[in-house]
Amino acid sequence: MSEMSERNGRSERLSVLKTYKLFIGGKFPRSESGRVYEVTDSKGGWLANAPLASRKDARDAVVAARKAFGGWSGATAYNRGQVLYRVAEMLEGRRDQFTAEVAAASGLSKSKAAAQVDAAVDRWVWYAGWTDKIAQVAGGANPVAGPFFNLSTPEPTGVVAVLAPQDSAFLGLVSVIAPVIATGNTVVVVPSEKAPLPALSLAEVLATSDVPGGVVNVLSGRAAELGAPLAAHSDVNALDLTGADGELARELEVSAADTLKRVLRPRAQDWSADQGTGRLLAFLETKTVWHPTGSLGAAGSSY
């Protein structure tokens, strides 16, 4: 402590500013391009510099998501539910931090920001409860004419690229990530360009919870720049275009057609409302298994 500070009866120090990074494969790299962009609050005040992800970062994130897919989709539904619940636990413990970040990012009052954080925590819990139940909703035994059992079961689509909502930097973000991974998919998400900080902080929660590396990958930056390589990437199986405007959504949907991706088109959404099972079902495929009965033998077939 300096003499002047001692005389004034207080210490003076510089604040330690937070360095935000991308989240790829369970690690926190800076953008390979070295670029950043300024993030400001609702009044234009500087909040932080966020990494500006590049096309190379997008490709790296897809590789990480594909590598993680086998283990995550092969985990039991009950285990995935435990993992999602653990995320909710971690968020509950950092409620004050996220309330402050959401308030700064969205210009909300502290009470309204806290309500959004609470709703996001509850949403993780809600989707955690669905992990071992959605198969009963989406699958079942099918009646057939013949000596066969015919069963349909849902399976995850694969790697899903998500353009998160621009108007709901945290609750909307959780609402598009949680159902994708609850059903066994892995995700590459591009958060709100104007308000990416809650998403980058959420990555820290995911990294310190039980979510395996690569299951969720977060790329802050421009949706138009990152959406194009993700839509065209042959190892991306599906697109959620929730955060894309009309023109960008059309461009990405056309690009995705070359590799036959499943596409969830953008639509108006009240993120505070009950989300239902629509997003859980959006990125599931149905496998049908035929199995003979009686004297036809024990061998079965599927398609």
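Which residues are buried in α10? In this helix they are Leu248, Ala249, Leu252 and Ala256, where buried means under 20% relative accessible area, exposed over 50% and partly exposed in between (1.4 Å probe, protein chains only). Helices (H or I, at least four residues) and strands (E, at least two) are DSSP runs, numbered from the N terminus.

The structure is a predicted model, in which local features need pLDDT of at least 70 and side-chain atom pairs count only at pLDDT 80 or more, while totals for chains, interfaces and linings use all residues. Residues are numbered from 1 along each chain as its sequence is written, and side-chain values use heavy atoms, with hydrogens and water left out.

The protein chain has 303 residues, and 45% of them are buried. It contains eleven helices and eleven strands. Along the principal axes, its C-alpha atoms fill a box of roughly 95 × 35 × 35 Å. Of the contacts (heavy atoms within 4.5 Å) with a separation of 6 or more, 73% are between residues 24 or more positions apart.

To return to α10, this helix covers residues 246-257, twelve in number, and reaches 17 Å from its first C-alpha to its last. That is close to the 16 Å expected at 1.5 Å a residue, the expected span being 1.5 Å times one less than the number of residues. Seen down the axis of α10, the buried residues fall within an arc of 100°, so they line one face of the helix; the arc is that of the directions from the helix axis to the C-beta atoms. An α-helix has 3.6 residues a turn, so residues three or four places apart point the same way. The buried residues of α10 pack against β5 (159-163), α9 (223-232), β8 (238-240) and β9 (262-264). On the other side of the helix, Glu247, Arg250 and Val254 are exposed.

The loop between α10 and β9 holds leucine 260. This residue has a positive phi of about 55° although it is not a glycine. Most residues other than glycine have a negative phi. Leucine 260 is exposed, at a relative accessible area of 75%.

Next come the nonpolar cores, each a set of buried Ala, Val, Leu, Ile, Met, Phe, Trp, Tyr and Cys residues joined through side-chain atoms within 4.5 Å. The largest has 58 residues, of which Leu91, Trp124, Phe170, Ile177, Leu202 and Val216 touch the most other members. Helix α7 (residues 171-182) gives the most to this core, with nine residues. Apart from neighbours within four places in sequence, leucine 202 is in contact with Leu91, Phe98, Trp124, Phe170, Leu173, Val174 and Ile177. A second, separate core of 27 residues includes Ala58, Leu230, Leu241 and Ala249.

The largest pocket has a volume of about 370 Å³. Lining residues number 21, and those closest to the pocket centre are Lys18, Thr19, Tyr20, Ala48 and Asn49. On a 1 Å grid over the protein atoms alone, a pocket is an open set of points where a 1.4 Å probe fits, with protein on both sides within 12 Å along at least five of seven lines, and lining residues have an atom within 4 Å of a point. Grid points are joined across faces, edges and corners, and the volume is the space filled by probe spheres set on the points. The elements giving two or more residues to the lining are β2 (46-51), α4 (95-106) and α8 (197-208). The largest share, five residues, comes from β2.
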